[in-house]
Amino acid sequence: MITVFTCITILYLALILWLVYGFKKVKHFNAENLKPETKFSVIIPFRNEAENLPELLASIKTLNYSKKHYEFIFVDDDSNDNSSQIILNTLSLKDTQIKESNIKVIQNVRISNSPKKDAIVSAIKVAKHNWIVTTDADCVLPKFWLDTFNSFINKKPCKMIVAPVTYNYTNSFLKRFQLLDFLSLIGATIGGFGIGKPFLCNGANLAYNKDLFLKLNGFNGNSNIASGDDIFLLQKVIKHNKNDVQFLKSTTAIVKTKAQPTLKSLISQRKRWAAKTSSYNSIFGKLVGLIVFLMNAILVCYFLLFLFGWLQFSPLFYVFIIKSLTDFLLIFKTAHFFKQENELSSFIFSAFIYPFFSVYIACISMFTKYKWKDRTFSK
């Protein structure tokens with residue numbers, strides 16, 4: 001048994017160090033003050049987001065990019081609050097900064113088991129521009145967001161851009177715990193690009209050609225899965241031509257979103273994320289998920305065996321220290337990029353909790369349904 005634990009630990013150590021190496025290989029992109037050339041259609045699906053929309057709308061008003069070169073398409077996914085009215089009231093003809101022609105609020109047309117994918121498809125049908133950018137209603141957009149995309153597109157030959165996302169308002173341990181987990185995911189995302197094996201992305205900050213989307217038949221083939229509008233499209237593009245996808249490692253492109261407010265909502269979110277992993281086409285992505293799961297599982301198993309007096313404490317201690325130091329290296333690199341090093345104060349306690357949380361989520365995601373936007377979905 002000790003031999004199995006040792007082999008898994010070595011594999012995990014090698015994997016994370018490889019991703020750290022990849023993270024360093026992706027060069028930081030400094031956007032130049034170029035003339036706006038690229039035109040963007042920004043798509044934002046929403047459902048009952050009255051609480052979050054004011055902050056998003058305020059950030060839209062501060063965008064530096066030429067207003068003639070972008071439009072925002074909000075897609076109402078059957079909200080039963082006043083979300084649509086908030087958008088219309090905030091971004092009206094009275095607003096001298098944004099003209100009505102730049103803003104659309106449309107209704108989602110449901111055609112599949114995935115409301116968000118349907119919302120994006122509904123928006124793409126009416127989008128005026130070839131570059132599609134997706135984000136979420138609970139996000140805050142940086143001032144030079146579209147400027148950075150424009151500069152990157154002019155410098156890099158690509159048809160899909162994966163960009164950075166992080167959490168803000170981490171004013172509790174639960175939210176800092178989520179941030180540390182999220183930083184490890186973003187670190188792995190960037191690291192995957194650096195080693196030439198991209199396998200993750202986030203729809204809260206994603207851009208792609210509409211022509212490419214249509215050429216690849218959009219979300220056809222995975223529309224039965226409620227989530228995954230980002231990951232499954234990424235896998236399609238990679239299969240078509242891996243060189244079409246680039247990661248935009250730039251601080252001026254960072255989109256900030258909110259952590260889940262309660263443990264219940266966090267578990268529901270993570271179940272949704274975990275439920276789609278079995279449908280991944282990426283062998284590397286599945287391998288990463290398996291190694292990470294096994295690493296956390298052996299820590300949980302070893303801890304239980306220690307409690308029953310069947311194994312000694314010292315091997316458990318050494319494995320935990322090796323894993324924690326390795327994790328910290330990747331998380332620190334990512335936190336430094338986001339300038340969130342202060343949040344690392346919660347790392348030690350989080351490191352004790354995370355293996356149990358991770359194994360629990362992996363197990364329940366295989367057998368239970370999950371809720372998303374007040375709707376229940378099967379795996």
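1. Start with Ser250. Its side chain makes a polar contact with the side chain of Thr252, at 2.9 Å. This is a predicted model. Ser250 sits in the loop between strand S8 (245–247) and strand S9 (255–258). Its relative accessibility is 1%, so Ser250 counts as buried. Leaving aside residues up to four places away in sequence, Ser250 touches His28, Phe29, Thr148, Pro164 and Phe337.

2. Next, the salt bridges. Side chains of opposite charge can pair when their charged atoms come close. The count here comes to 9 salt bridges. One of them joins Arg47 and Asp78, with the closest N and O atoms 4.0 Å apart. Arg47 lies in the loop between strand S1 (40–46) and helix H2 (53–61), and Asp78 in the loop between strand S2 (70–76) and helix H3 (83–90), so the pair ties together parts that are 31 residues apart in sequence. Arg47 is buried, at 10% relative accessibility. Asp78 is exposed, at 54%.

3. Look at Lys104 and Glu71. They form a salt bridge, and the closest N and O atoms are 2.6 Å apart. Lys104 belongs to strand S3 (residues 103–107) and Glu71 to strand S2, so this pair links parts that are 33 residues apart in sequence. Glu71 is buried, with 0% relative accessibility. Lys104 is partly exposed, at 25%.

4. Asp118 and Arg110 also pair. Their closest N and O atoms are 3.0 Å apart in this salt bridge. Asp118 is buried at 2% relative accessibility, whereas Arg110 is partly exposed at 40%. Elsewhere, Lys116, Asp136 and Asp229 are linked in a network of salt bridges.

5. Check two backbone angles. Most residues other than glycine have a negative phi. Tyr169 has a positive phi, near 55°. Tyr169 is in the loop between strand S6 (165–168) and helix H6 (173–194). It is partly exposed, with a relative accessible area of 45%. Asn217 is not a glycine either, yet its phi is positive, about 60°. Asn217 lies in the loop between helix H7 (210–215) and helix H8 (231–241). At 48% relative accessibility, Asn217 is partly exposed.

6. Finally, the surface. Phe303, Leu304, Leu307, Phe308, Trp310 and Phe356 form a nonpolar patch there, with about 660 Å² of accessible area together. Which helix gives the largest share of the patch? Helix H10 (residues 283–307) does, with 3 residues. Phe308 is in the loop between H10 and helix H11 (313–338). Its relative accessible area is 59%, so Phe308 counts as exposed.

Notes: Residues numbered from 1 in each chain as written. Predicted model: local features only at pLDDT ≥ 70, side-chain atom pairs only at ≥ 80, totals over all residues. Heavy atoms only, no water. Helix = DSSP H or I, 4+ residues; strand = E, 2+ residues; numbered from the N terminus. Buried < 20%, exposed > 50% of the residue type's maximum accessible area, 1.4 Å probe, protein only. Polar contact = N/O pair within 3.5 Å; in protein donor to acceptor, adjacent residues only side chain to side chain. Contact = heavy atoms within 4.5 Å. Patch = residues over 30% accessible without salt bridge, like charges linked within 9 Å, V, L, I, M, F, W, Y side chains within 5 Å. Areas by Shrake-Rupley, 256 points an atom, 1.4 Å probe, with all protein chains shown as cover. Salt bridge = Lys/Arg side-chain N within 4 Å of Asp/Glu carboxyl O.
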